[in-house]
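Here is a short report on one protein chain. Take a look at the model before reading on.

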Amino acid sequence: MARELLPEELRAAVRWGAAFVRARLGAGDKERHTIVIRRQFDTGCYSENHLFDAARAYLATKIDPRAMRRLCLARSRHKEPDGTSSWSTLLCMDDGGSTTDAFDGVEFRWTSIETGGDDGKKGKGHRTPRETLELSFDAEHTDVALERYVPFIMSTAEQLQRLDRALKIFMNESRSWHGINHHHPATFDTLAMDPALKRAVLDDLDRFLKRKEYYRRIGKAWKRGYLLHGPPGTGKSSLVAAMANYLRFNLYDLDLSEVRLNSALQRLLIAMPNKSILVIEDIDCCFDAKSREDPKMPVSAADAGDSSDSSDDDGPPGKADHTGAHKQQNVTLSGLLNFIDGLWSTSGEERIIVFTTNYKDRLDPALLRPGRMDMHIYMGFCCWEAFKTLARNYHLVDDHVLFPDIQELLAAVEVTPAEVSEMLLRSEDADVALRVLTEFLQNKRRKARKEETEIKNDEVEKAM
């Protein structure tokens, strides 16, 4: 009713007077400053103010719906390139609404205001109301507001956006990336691995994210390398997915068999955005990773010099065999190392590089040194703590009469988390599934003992 009967100028004056009275009553005689954050600013043509969007997203996490009489609720739909859709909900203040926030011991007051509308009139000259957020605080805290609080809001909003977006996994085709939505459910809570090792990985990731200025100060590219090694079926791919879900970084799965030249590899890696994870699985199978160290190994033309990079793969292919092995011989370990730790390593920042292998001893030592692979993570056989995680994941049980037997068997045999998971999937009944697993482990132990006896007998026969 007030919107229809009172002109905009009078309503604006009333809002200003109310804010003035609130400031005087709440802050005594202290001087107050106000920062006005408009949704759009006029620079010849109206441009979006990213700080406004960031502030509104941040305030949505601070608003208490039970404490405010009027709220705006918005719901938007985002359509992905692959045809899927995702919905997001935003809670924000209505015109005249206000809320308070505390940061570093300072109280900040936010007020939502709409100005410039035509009071519901329609027609050719109709003007849409302009949305504005006002940030008020004691004048003595101006430096805190501008130098710490506003940057904190921007970084928090960026993090919220990452958490809300759908993750993608990209695969390379020739010299470009093609992505699809990535819905892998693995998290660090569901990973079947040693708890101390899991905690060490999480701590390392958290430390990396907080060290932007540190890396800049010491003159190093802001990146981190991880080598995941261990037998097949021990959860290396699941750990990569859990890292992506934890960081909210997109995955870039690099297939080196699709890359013919070092120059094409450079283009692919440069095209990766910041805040992403590069994954090269089974790195020991991609090329002869020991050719740099073994003088007896033949040196390919690509390794002998940079002639392989002098031409581009846009040209017509030769008549030679175009198998994966032929393509790979033009991509060298040196070319990959140049990007990981050479001059090209500074082409992006806040990147994670993950290599996986089943055979760490086959890798060139140059690939393993710190600065390239900073953290080596051994994904071993299923231990007792890893089994308890799997039992909780699959059957929601934390204890069972068969647990002592399973614990004893796991200490006696080598079994991967993948094998344990398969046994637990055999039945939805926890009693049946755990009994199947126990029998599987007992058979494994019998087989191991039989093989051990046969080896001893052979040694005795050879000694005679």
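The report below starts with the whole chain and then turns to its parts.

**The chain as a whole**

This is a predicted model. The protein chain has 16 helices and 15 strands. Of its 464 residues, 40% count as buried. Take the contacts in the chain with a separation of 6 or more: residues 24 or more positions apart account for 71% of them. The accessible surface comes to about 26800 Å². Carbon and sulfur atoms hold 51% of that surface.

**Helix H16**

Helix H16 covers residues 430-463. It has 34 residues. From the first C-alpha to the last, H16 reaches 49 Å, close to the 50 Å expected at 1.5 Å a residue.

The N-terminal end of H16 has a cap, Asp429. A side-chain oxygen of Asp429 lies 2.8 Å from the backbone nitrogen of Asp431.

Which residues of H16 are buried? They are Ala430, Ala433, Leu434, Leu437, Thr438, Leu441 and Arg445. Their cover includes helix H13 (384-395), helix H14 (403-412) and helix H15 (417-424). An α-helix has 3.6 residues a turn, so residues three or four places apart point the same way.

**Salt bridges**

The count of salt bridges comes to 18. Three of them are set out here.

| Pair | Closest N to O distance |
|---|---|
| Arg445 and Glu408 | 3.9 Å |
| Glu452 and Lys456 | 3.7 Å |

Is Arg56 buried or exposed? Arg56 counts as buried, because its relative accessibility is 18% and the cut-off for buried is under 20%. Glu131 is partly exposed, with a relative accessible area of 27%.

Next come Arg445 and Glu408, which also form a salt bridge. This pair too links distant parts of the chain. Arg445 sits in helix H16 and Glu408 in helix H14, 37 residues apart. Recall that Arg445 is one of the buried residues of H16, and that H14 is among the elements covering them.

The pair Glu452 and Lys456 lies within helix H16. These residues are four apart, so about one helical turn separates them. Glu452 counts as partly exposed at 43% relative accessibility. Lys456 is partly exposed as well, at 49%.

Salt bridges can also join into a network. Asp204, Arg207, Arg224 and Asp374 are linked in this way.

**A hairpin and a helix packed against it**

Strand E9 (residues 168-173) pairs with strand E10 (residues 176-181). The sense is antiparallel, and there are six bridges. Phe170 has Gly179 in E10 as its bridge partner. The hairpin has two residues between its strands, and Ser174 takes a positive phi near 60°.

Helix H8 (residues 262-270) packs its buried residues against both E9 and E10. Strand E13 (276-280), helix H11 (333-341) and strand E14 (351-357) are also packed against them. How many of the nine residues of H8 are buried? Seven are, so H8 is largely enclosed by the rest of the structure. The buried ones are Asn262, Ser263, Ala264, Leu265, Gln266, Leu268 and Leu269.

**Two loop residues with positive phi**

Lys275 lies in the loop between H8 and E13. Its phi is near 55°, a positive value in a residue other than glycine. Lys275 counts as buried, at 18% relative accessibility.

Asp282 is in the loop between E13 and helix H9 (301-304). Asp282 is not a glycine, yet it has a positive phi of about 50°. At 33% relative accessibility, Asp282 counts as partly exposed.

**A buried histidine**

His229 has its place in strand E11 (residues 223-229). It is buried, with a relative accessible area of 13%. What does His229 contact, leaving aside neighbours within four places in sequence? Its contacts are Lys236, Thr357, Lys360, His376, Ile377, Tyr378 and Met379.

Notes: Residues are numbered from 1 along each chain as its sequence is written. This is a predicted model: local features need pLDDT of at least 70, side-chain atom pairs count only at pLDDT 80 or more; totals for chains, interfaces and linings use all residues. Side-chain values use heavy atoms; hydrogens and water are left out. The expected span of a helix is 1.5 Å times one less than its number of residues. Buried means under 20% relative accessible area, exposed over 50%, partly exposed in between (1.4 Å probe, protein chains only). Contact means heavy atoms within 4.5 Å. A polar contact is a pair of N or O atoms within 3.5 Å; within protein, one must be able to donate a hydrogen and the other to accept it, and residues adjacent in sequence count only if both atoms are side-chain atoms. A salt bridge is a side-chain nitrogen of Lys or Arg within 4 Å of a carboxyl oxygen of Asp or Glu. Two strands pair if DSSP finds at least two bridges between them. Accessible areas come from the Shrake-Rupley method with a 1.4 Å probe; for residues, only the protein chains shown count as cover.
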